[in-house]
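Good morning, everyone. Please take a look at the structure on the screen, and then I will walk you through it.

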Amino acid sequence: MKPKMNLPGILVIHGPNLNMLGKREPEIYGATTLDEVNAGLGEKGQSLGLQVDTFQSNHEGAIVDRIQAALGCYQGLIINPAAFTHTSIAIRDALLLLKIPIVEIHLSNIYKREPFRHKSMIADIALGQISGMGVFGYTLALEALANVVKPVDNA
Ligand code: DQA
């Protein structure tokens with residue numbers, strides 16, 4: 001028998017250069033690899049009753065395509081747009097399509113860094129932003145979404 005309730009789905013999107021986590025400026029971004037981040041998200045999601053899917057791309061258009069494909073499929077979204085945070089109206093516009101709670105996350109505290117990192121194209125359309133907590137920020141983001149997403153009625 002089909003279960004009446006599906007787990008709420010959360011999509012996690014990692015932007016450019018985050019595939020190099022662990023190797024890339026570890027003094028800023030830490031030693032944890034992206035595979036380890038994603039494995040941790042899967043485990044944390046399970047403990048919170050959430051189904052977590054992850055996606056990484058170095059290409060703005062591929063991220064826009066993935067967001068468009070997510071329409072109607074997820075109850076919440078976590079995004080670290082990386083450098084596109086500061087530039088991408090295209091990613092912002094795609095996110096507006098979804099009408100689901102979005103948590104923007106940055107490993108580093110973008111406000112303690114160069115002035116060009118202080119501007120986010122996403123922050124004002126997000127439920128909230130987590131910045132500067134390293135990989136622990138992903139755990140916090142999932143907890144924040146667990147608090148607001150509703151169970152999926154599959155009846
Ligand atoms: C980042 C901060 C961005 O400014 C930078 O371009 C990144 C990573 C972070 O997680 O701290 O690639 O989003």
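First, some ground rules. This is a predicted model, where local features need pLDDT of at least 70, side-chain atom pairs count only at pLDDT 80 or more, and totals for chains, interfaces and linings use all residues. Residues are numbered from 1 along each chain as its sequence is written, and side-chain values use heavy atoms, with hydrogens and water left out.

Let's start with charges. Here, Lys and Arg count as positive, Asp and Glu as negative, and His and the chain ends are not counted. A salt bridge is a side-chain nitrogen of Lys or Arg within 4 Å of a carboxyl oxygen of Asp or Glu. How many salt bridges does this rule give? The count comes to four.

Take K44 and E143. They form one of these bridges, and their closest N and O atoms are 2.8 Å apart. K44 sits in helix α2, residues 34-48, and E143 in helix α5, so the bridge ties together parts that are 99 residues apart in sequence. A word on the names: helices (H or I, at least four residues) and strands (E, at least two) are DSSP runs, numbered from the N terminus.

Are these two residues buried or exposed? We need cut-offs for that. Buried means under 20% relative accessible area, exposed means over 50%, and partly exposed is in between, using a 1.4 Å probe and protein chains only. K44 has a relative accessible area of 22%, so it is partly exposed. E143 is partly exposed too, at 36%.

Salt bridges link R113, E114 and R117. R113 meets E114 at 3.8 Å, N to O. E114 meets R117 at 2.7 Å, N to O. R113 is buried, at 18% relative accessibility. R117 is buried as well, at 17%. E114 is partly exposed, at 31%.

The search runs on a 1 Å grid over the protein atoms alone. A cavity is a set of points where a 1.4 Å probe fits but cannot get out. A pocket is an open set with protein on both sides within 12 Å along at least five of seven lines. Lining residues have an atom within 4 Å of a point. Grid points are joined across faces, edges and corners, and a volume is the space filled by probe spheres set on the points.

So what do we find? The largest pocket holds about 160 Å³ of space. It is lined by 15 residues, and R24, Y29, A82, A83 and R117 are the closest to its centre. The lining divides into seven nonpolar, five polar and three charged residues. Nonpolar covers Ala, Val, Leu, Ile, Met, Phe, Trp, Tyr, Cys and Pro; charged covers Asp, Glu, Lys and Arg; polar covers the others, Gly among them.

Stay with R24. It lies in the loop between β2 (9-14) and α1 (26-29). R24 is buried but has no salt bridge. How far away is E25, the nearest side chain of opposite charge? The distance is 4.1 Å. Contact means heavy atoms within 4.5 Å. Leaving aside neighbours within four places in sequence, R24 is in contact with P16, N17, L18 and Y29.

N17 deserves a stop. N17 also lies in the loop between β2 and α1. Its phi is near 75°, a positive value in a residue other than glycine. Most residues other than glycine have a negative phi. N17 is partly exposed, at 38% relative accessibility.

K99 has a positive phi too, near 55°. It is found in the loop between α4 (89-98) and β5 (102-106). K99 is exposed, at 74%.

Last, look at I10, in strand β2. Is I10 buried or exposed? It is buried, because its relative accessibility is 0%. Compare V148, in helix α5 (residues 136-148). V148 is partly exposed, with a relative accessible area of 36%.
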